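Here is a short briefing to read with the structure open beside you. Take it one topic at a time, and look up each residue as you meet it.

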Number of protein chains: 2
Amino acid sequence: MSKFFSDSGSKLVGQEMFKVLDRAKELERLGNEVIHLELGQPRFDPPVDLIPSTIRSLSNKNVGYCSSYGLYSLREKILNKNIKINSNLTIDNILISTANLLISQILHLCCNQNDKVVVFSPTFPTYIASACFFNIELIQIPLSLNNKFQLTKNDIDKAIKFNPKMIIINSANNPTGAVYDEDVLRYLNDLSIKNNIWILSDETYAQIAYHKNFYSTLNFENKNLITISSFSKVYSIPGFRVGYVIANNDVIDKLALSCSTLISCLPIFTQEGIERVIENDEIYIQKMNKNLLDIITDVVNLFEESILLKSQYTSPQSAYYMFLNISQTGLNDIEFCNELLNKFYVACTPGSSFGDHFNSYVRLSLCGNYEAVTDGVKRIINFIETFKKI
Amino acid sequence: MSKFFSDSGSKLVGQEMFKVLDRAKELERLGNEVIHLELGQPRFDPPVDLIPSTIRSLSNKNVGYCSSYGLYSLREKILNKNIKINSNLTIDNILISTANLLISQILHLCCNQNDKVVVFSPTFPTYIASACFFNIELIQIPLSLNNKFQLTKNDIDKAIKFNPKMIIINSANNPTGAVYDEDVLRYLNDLSIKNNIWILSDETYAQIAYHKNFYSTLNFENKNLITISSFSKVYSIPGFRVGYVIANNDVIDKLALSCSTLISCLPIFTQEGIERVIENDEIYIQKMNKNLLDIITDVVNLFEESILLKSQYTSPQSAYYMFLNISQTGLNDIEFCNELLNKFYVACTPGSSFGDHFNSYVRLSLCGNYEAVTDGVKRIINFIETFKKI
């Protein structure tokens, strides 16, 4: 049967990480309580007006088609927010779509099958899956835990040598929590202009930053620059499936055609719900960041107390993930995740989901409630400590 | 700039039909009232429990991720409905996604760039746009007004001669309203099995049928058959963006991976809203069909009274579109639409949006309210009558 699928259809294969998830669900069905540190699903309530205003829009029967560019009034509000970063932006630079889909739409728009795209790994799995979906050659340049997974000018030089059509960056980063330096981003931007290379800059976690100020690529003037973001994480509404892209208006017009082909449009009511809160989200975001920082600080303290783990992770500067080196256990990532789940009932994500070079890492997601996350981390430390005697 | 896009990105170009729409909007901004016969957006209220149950789900904060297969409980209810047609179906044969996106997902899954896909035209524009999106060769076999745009065994023989990887059919049909005969569908199905050709059967309008019983491809046992449908039209909720696919479980598993790459998942609350009404939708659908039939009957009566139009259309057996031959005006479809809009303030869709052979046709959408639709149709008849003297 599978030989009968297209080449790229045949390449769609399940990932090992889903087998870990399936096993976690099976354990729960059998009556066990599992601590979920594998999901990037925030557990906070959305901003207080968001759901009521979505409900109001539904009550007004806003259940028809919307523009392929997204709701005009929401685009305006996204503009008002981002014009503070770059005063040259206009509404023609903004389109609303699902952020996950935008990754595929942008790869399709910019890259042919023979083109090369560079990511710096560990990296968000959708970049890898989406490049595979379109048969685009993806080059993974690994960053190093020793350098706190920071992007350097040297890494960018390496990327340019591949003569890529596009370079994808993700600051603030999932899964490492790294926030990239302004001068490194500027170096990349200059080379993108000079060498005519697309930059896809994913800033989904821009507003969740703790120890370092986030620097946005929106500061740059560059027709080759495409910046995406999402409301999923910052408003704790991943199920709304609403994100946006900011780019040159030629790119935006093409992406509107891409939207009209693929999905026609997004619902109106989800966009109206978001529109209502976007102008007054500062306090909500501050509170969320404080909550997350409390969890992260205590998790870091737990790791610092463990001799085996002390230097095997970096404290996240943003977002809510930790990328943990587990090579001292002698297990690979899949074995580690399975044993941790079976013996300690904690689920986390194998590192190889984030790139080819990371099968001695796992990702922990710290966005659950305080007790569950710290309990889960303590179990992980206990699990790893059992390897000390070996 | 555009040379810098990918080949398929460069091919994304705006359609003439959107220029008609833009002009309609401009006329409205200038204070004119425009009758919209160009949109396939139903104007009925959704089933009475649908919006309240969506609101209930939102109130319960169901704003997290869902399975890439769709909500299990909605898949069960879709199964219960369709198992009456085919008792061999199981939940593993069902996946929920946006119906529009499913067209692209299925083309991507089944067809390589060199493969041929056949459609019978006039045809739903997304099949054309989506094949173009993936650089797949689309062959359009035109059906004939003289034969009421019915699909025949002869048309299927023609299609098979192209040695296609896939044949797309759409019964009940947009834009012609044709419902295909059981024996023709069976003939196609037998040849699909014999020659190992995928069938994509789009049954979006299956439940909106008047003069002829709809026959579903779900009656067939065929691993090469993929049947899609949508809740947009039947529940008057196009803005919900929820549809589904029924197919062999190998296909379903691949499409779940495709969903997880492209969109992760759909919202939970839209699916829970639909789930609430699916078991008791008969009276709603009967009422909607009666309403539509009242409009269509009177529109047909108006056309029958016009000597110029009498034989230039077919009375729809289903859905709510009419595909009208306007060649007697001497105008092409774009000219016709523009003049009709500028002089009579009625918007309709140029026929060339539905295939290469139809630039002497326009599509009328009759799903608006009775007064607007019949008024619009009278204006069209008046407009066409002005060409009698020439």
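K343(A) counts as exposed, at 54% relative accessibility (buried means under 20% relative accessible area, exposed over 50% and partly exposed in between, with a 1.4 Å probe and protein chains only). The side chain of K343(A) meets that of E339(A) in a salt bridge, at 2.8 Å from N to O (a salt bridge is a side-chain nitrogen of Lys or Arg within 4 Å of a carboxyl oxygen of Asp or Glu). This is a predicted model, in which local features need pLDDT of at least 70 and side-chain atom pairs count only at pLDDT 80 or more, while totals for chains, interfaces and linings use all residues. Residues are numbered from 1 along each chain as its sequence is written, chains are lettered from A and ligands numbered from 1 in the order in which they are written, and side-chain values use heavy atoms, with hydrogens and water left out.

**More on this pair**

- E339(A) is partly exposed, with 26% relative accessibility.
- Both residues sit in helix α12 (residues 333-344) of chain A, 4 residues apart, which means about one helical turn separates them.
- Helices (H or I, at least four residues) and strands (E, at least two) are DSSP runs, numbered from the N terminus.
- Why can such pairs form? Side chains of opposite charge can pair when their charged atoms come close.

**Other salt bridges**

- How many salt bridges does a search of the whole structure find over all chains? The search finds 24.
- One of them brings together the side chains of D45(B) and K61(A), at 3.2 Å from N to O.
- D45(B) lies in the loop between β1 (35-36) and α3 (50-59) of chain B, and K61(A) in the loop between α3 (50-59) and α4 (72-82) of chain A, so this pair joins two chains.
- D45(B) is partly exposed at 45% relative accessible area, and K61(A) is partly exposed at 43% relative accessibility.
- In chain B, the side chains of D183(B) and K153(B) meet in a salt bridge at 3.7 Å, N to O.
- D183(B) belongs to helix α8 (residues 182-195) of chain B and K153(B) to helix α7 (residues 153-161) of chain B, so the pair ties together parts that are 30 residues apart in sequence.
- D183(B) is partly exposed, with a relative accessible area of 42%, and K153(B) is partly exposed at 36% relative accessibility.

**Chain A as a whole**

- Chain A contains 13 helices and 12 strands.
- A compact globule of 390 residues would have a radius of gyration near 21 Å, and chain A agrees because its own value is 21 Å (taken over C-alpha atoms; the globule rule is 2.2 Å times the number of residues to the power 0.38).
- Along the principal axes, the C-alpha atoms of chain A fill a box of roughly 60 × 50 × 50 Å.
- Of the 390 residues of chain A, 63% count as buried.
- Among contacts in chain A between residues at least 6 apart in sequence, 76% join residues at least 24 apart (contact means heavy atoms within 4.5 Å).

**A buried serine**

- Is S57(A) buried or exposed? S57(A) is buried, at 2% relative accessibility.
- S57(A) is found in helix α3 of chain A.
- Leaving aside neighbours within four places in sequence, S57(A) is in contact with N62(A), I268(A), F269(A) and E272(A).

**Backbone details to look for**

- Most residues other than glycine have a negative phi, and most peptide bonds are trans.
- S121(A) and P122(A) are joined by a cis peptide bond, with omega about 5°, and P122(A) lies in the loop between β3 (116-121) and α6 (125-133) of chain A.
- A cis peptide bond also joins N174(B) and P175(B), with omega about 20°; P175(B) lies in the loop between β5 (166-169) and α8 of chain B.
- K148(B) is not a glycine, yet has a positive phi of about 55°; K148(B) is in the loop between β4 (137-142) and α7 of chain B and is exposed, with a relative accessible area of 56%.
- A319(B), also not a glycine, has a positive phi of about 55°; A319(B) is in the loop between α11 (282-305) and β9 (321-325) of chain B and is buried, at 0% relative accessibility.
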